[in-house]
Amino acid sequence: MRHIISILMENEAGALSRVAGLFSARGYNIESLTVAATEDASLSRMTLVTRGSDEIIEQITKQLNKLIDVVKLIDLTEGVHIERELLLIKVKAKGEERRNEVKRLTDIFRGHVIDVTDASYTVELTGTGEKLDAFISTLGKDILETVRSGASGIARGDKALHI
């Protein structure tokens, strides 16, 4: 089963390496990883997506909690949460008909054209992984380049990951 684990950790050199090393040493895969500083410059928030049985995820969270850099963590998939991903995609857009088609698809998926050249459009799109997958498959073979952020998530309601 897919799990989104959100970790509040010390914003120090080597912290990310220790988390990645924990996964590597145990043979677990990280499907996506997003890390950035929080409103408190001494803390970072890491969101990672992994797959495993409940027992494996329990083992992972226990091991993560043992790391000195980890302040607090939560498995977002245990409750209601909001999940988003960012996609930047460069698409062939040569000729008026193709340009109109790419713009129409971008509008349907509520994206934004953020760069235009004579031969391409670069589109920014946010949403669930499924939404981004659908947009990519709709564009087909005209994709020049794709960049995805991986999932970021936050619990709904009053539940919050903080010290």
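1. Let's start with a term for later: a residue is called buried when its relative accessible area is under 20%, exposed when over 50%, and partly exposed in between, using a 1.4 Å probe and protein chains only. Keep in mind that this is a predicted model, where local features need pLDDT of at least 70, side-chain atom pairs count only at pLDDT 80 or more, and totals for chains, interfaces and linings use all residues. Residues are numbered from 1 along each chain as its sequence is written, and side-chain values use heavy atoms, with hydrogens and water left out.

2. Now the overall layout. The protein has four helices and nine strands. Both kinds of element are DSSP runs numbered from the N terminus: helices are H or I with at least four residues, strands are E with at least two. Following the sequence, you'd read off β-α-β-β-α-β-β-α-β-β-α-β-β.

3. The C-alpha trace spans about 55 × 35 × 35 Å along its principal axes. Of the 163 residues, 38% count as buried. The protein exposes about 9400 Å², with carbon and sulfur atoms supplying 51% of that area; accessible areas come from the Shrake-Rupley method with a 1.4 Å probe, and for residues only the protein chains shown count as cover.

4. How much of the contact in the protein comes from residues 24 or more positions apart? Among contacts with a separation of 6 or more, such residues account for 72%. Contact here means heavy atoms within 4.5 Å.

5. On to the helix pairs. Helix α1 (residues 15-26) and helix α2 (residues 54-66) have axes that come within 10 Å and cross at roughly 140°. The axes are lines fitted to C-alpha atoms, for helices over the stretch in contact, and the angles run from 0 to 180 degrees between N-to-C directions. So α1 and α2 are oblique to each other. For the labels, under 35 degrees is roughly parallel, over 145 roughly antiparallel, 65 to 115 roughly perpendicular, and the rest oblique.

6. Who makes that contact? From α1 come Val19, Leu22, Phe23 and Arg26, and from α2 come Ile60, Gln63 and Leu64. By class, the contact of α1 with α2 has five nonpolar residues, one polar and one charged. Nonpolar covers Ala, Val, Leu, Ile, Met, Phe, Trp, Tyr, Cys and Pro; charged covers Asp, Glu, Lys and Arg; the others, Gly among them, are polar.

7. The other pair is helix α3 (residues 96-108) with helix α4 (residues 129-139), which pack at an angle of about 165° with their axes 11 Å apart. That makes α3 and α4 roughly antiparallel to each other. In this pair, Arg98, Leu105 and Thr106 of α3 meet Phe135, Thr138 and Leu139 of α4. The residues of this contact divide into three nonpolar, two polar and one charged.

8. Most residues other than glycine have a negative phi. Arg110 is exposed, with a relative accessible area of 70%.

9. Is Leu43 buried or exposed? Leu43 sits in strand β3 (residues 43-51) and counts as buried, at 5% relative accessibility. Leaving aside neighbours within four places in sequence, Leu43 is in contact with Leu8, Met9, Glu10, Asn11, Ala37, Thr38, Val71 and Ile163.

10. Leu161 belongs to the segment after β9 (152-155) and, at 13% relative accessibility, counts as buried. Residues up to four places away in sequence aside, Leu161 touches Ser6, Ile7, Leu8, Arg45, Lys72, Leu73 and Ile74. Leu161 and Leu144 are 17 residues apart in sequence, yet 38 Å apart in space, C-alpha to C-alpha.

11. Finally, two isoleucines. Ile82 lies in strand β5 (residues 81-92) and is partly exposed because its relative accessibility is 30%. Not counting residues up to four places away in sequence, Ile82 touches Ser152, Gly153, Ile154 and Arg156. Ile68, in the loop between α2 and β4 (70-75), counts as exposed, at 76% relative accessibility.
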